[in-house]
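Here is a short briefing on one helix and its surroundings. Have the model open as you read, and pick out the pieces as they come up.

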Amino acid sequence: MSYPVWNPFTNMGEFLENPLILTKGKGIYLYDKQGNCYLDVNACLWSLSLGYGREDIIEAMMNQAREIACLPLFSRAHQAAVDYADKLLNYLNGDFSKFFYTSGGGEAIETALKISRAYHCVTGNPQKTQVGHFSNSYHGVSLGALSIMGIPSIRKNVGPIPADSFEIPMSYEINQDNWTEYLDKTKQAILAQNVETVAAIVMEPVIAAGGIIPIPPQLIQELKKFCTTHNILLILDEIVTGYGRTGDLFAYQGLGIVPDLITVAKAITSGYAPLGGVLVTAKIAAPFMSKDVTLNHGFTHGGHPIACAAASKTLDILHSEGILNHVKNNADYFSQQMQTLDDEFEIVEQVKGCGYMYGVKLVDKHDAANLAPFARKYGLLFRRPAENNVIPVVPPLVSTRQDIDDMASRLRTILKEYILAI
């Protein structure tokens, strides 16, 4: 039988030469059809925070399926959606007042863009339609999301991209010493558009697919002040950083600001079911809560009951098992182990990251994808981000120090063998 699937973001010609078909997951490990074991340092594309085989999450999903297995939130609600949104908002101490459900991250971005433009329309500023984004940023691949895509290669071969967006310069080289330079560039890029036409700025607190680039908190704080002054909404894309990846439930909590909207997905259910959404502050939600305004927007499976049950159990586990403190307590150790690779190998240019989210950047002439065969040989699964010379090390949050040592050891072996082969 021929292979029937068209894999996303995959060179199918290369994949079909030696397809990797996985059949089982347990903890932080995956197993293929031949029984080979792999350590998953991509956490199921940065989603699987609590590991494979969590019977408590599976049981919660099964219990919900027995009650209500499917119910769209169009002019009605189910209790699982109400309960999860209430629980999440309570954990965030009143910073946000509403949660708009989607089926995943791309839909969450589309929703945030539409809410931001609709907000300005219903509050008397319909000319505010432009959205700014940063170079190197990744926010999804639907046509609307592509309008704020900061990775040029992903915008190729799809024809015209929707207008009303502009790019703000950002670089892998940003750090605590030069952030004011990038803040100045950000302000200049916004002012060049005429602030009276700018609806929102979208940014990742840690640029993920663009190379694992933490944005200094001071820049985000000053950008929030600037946006407030000019009636521009700040949308934080926490689809990757949300639900503990940086050590806080959401990265914004360690930044000293509250954005107007936050997009979430991926680890919201620890990857056990597709779900996403947008956290919205009271100020932004208020105009849409009257009988005079309807946001004509939504998705059939946004807030799916079984997915909400998985999200609720995931949130419970993050707190009951102390996962956030676990990440914080091990963050420095994780950083040290990754930095040893920079110290040991000339081929490693730099290591950046925070929490349980690091990127090992190779010198420019080396594509991290070339290490994949060696990684597979030594039982390490990763997929390079769109920044092609960065190896992402973004494992499940339950990974221990022993697991971190194992990741570093395997990466060391892989780098050594790759160097010998080139």
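Which residues of helix 10 are buried? In this predicted model, they are Pro305, Ile306, Ala307, Cys308, Ala309, Ala310, Ala311, Ser312, Thr314, Leu315, Ile317 and Leu318. That is twelve of the helix's 16 residues, so helix 10 is mostly covered, with buried meaning under 20% relative accessible area.

**Helix 10 itself**
- Helix 10 runs over residues 305-320 and spans 22 Å from its first C-alpha to its last, close to the 22 Å expected at 1.5 Å a residue.
- Just after helix 10 comes glycine 322, which takes a positive phi of about 65 degrees.

**What covers it**
- The cover over the buried residues of helix 10 includes helix 3 (55-67), helix 4, strand 4 (98-102) and helix 11 (323-344).

**Packing against helix 4**
- Helix 4 (residues 79-91) packs on helix 10 at an angle of about 30 degrees, and their axes lie 8 Å apart.
- Because angles under 35 degrees count as roughly parallel, helix 4 is roughly parallel to helix 10.
- The crossing of helix 4 with helix 10 is left-handed.

**Residues at the contact**
- On the helix 4 side, the contact is made by Ala80, Ala81, Tyr84, Lys87, Leu88 and Tyr91.
- On the helix 10 side, their partners are Pro305, Cys308, Ala311, Ser312, Leu315, Asp316 and His319.
- By type, the residues of this contact between helix 4 and helix 10 comprise nine nonpolar, two polar and two charged.

Definitions and conventions:
Residues numbered from 1 in each chain as written. Predicted model: local features only at pLDDT ≥ 70, side-chain atom pairs only at ≥ 80, totals over all residues. Heavy atoms only, no water. Axes fitted to C-alpha atoms, helices over the stretch in contact; angles between N-to-C directions. Helix = DSSP H or I, 4+ residues; strand = E, 2+ residues; numbered from the N terminus. Parallel < 35°, antiparallel > 145°, perpendicular 65-115°, else oblique. Left-handed = near helix turned anticlockwise from the far one by under 90°. Contact = heavy atoms within 4.5 Å. Nonpolar A, V, L, I, M, F, W, Y, C, P; charged D, E, K, R; others polar. Expected span 1.5 Å × (residues − 1). Buried < 20%, exposed > 50% of the residue type's maximum accessible area, 1.4 Å probe, protein only.
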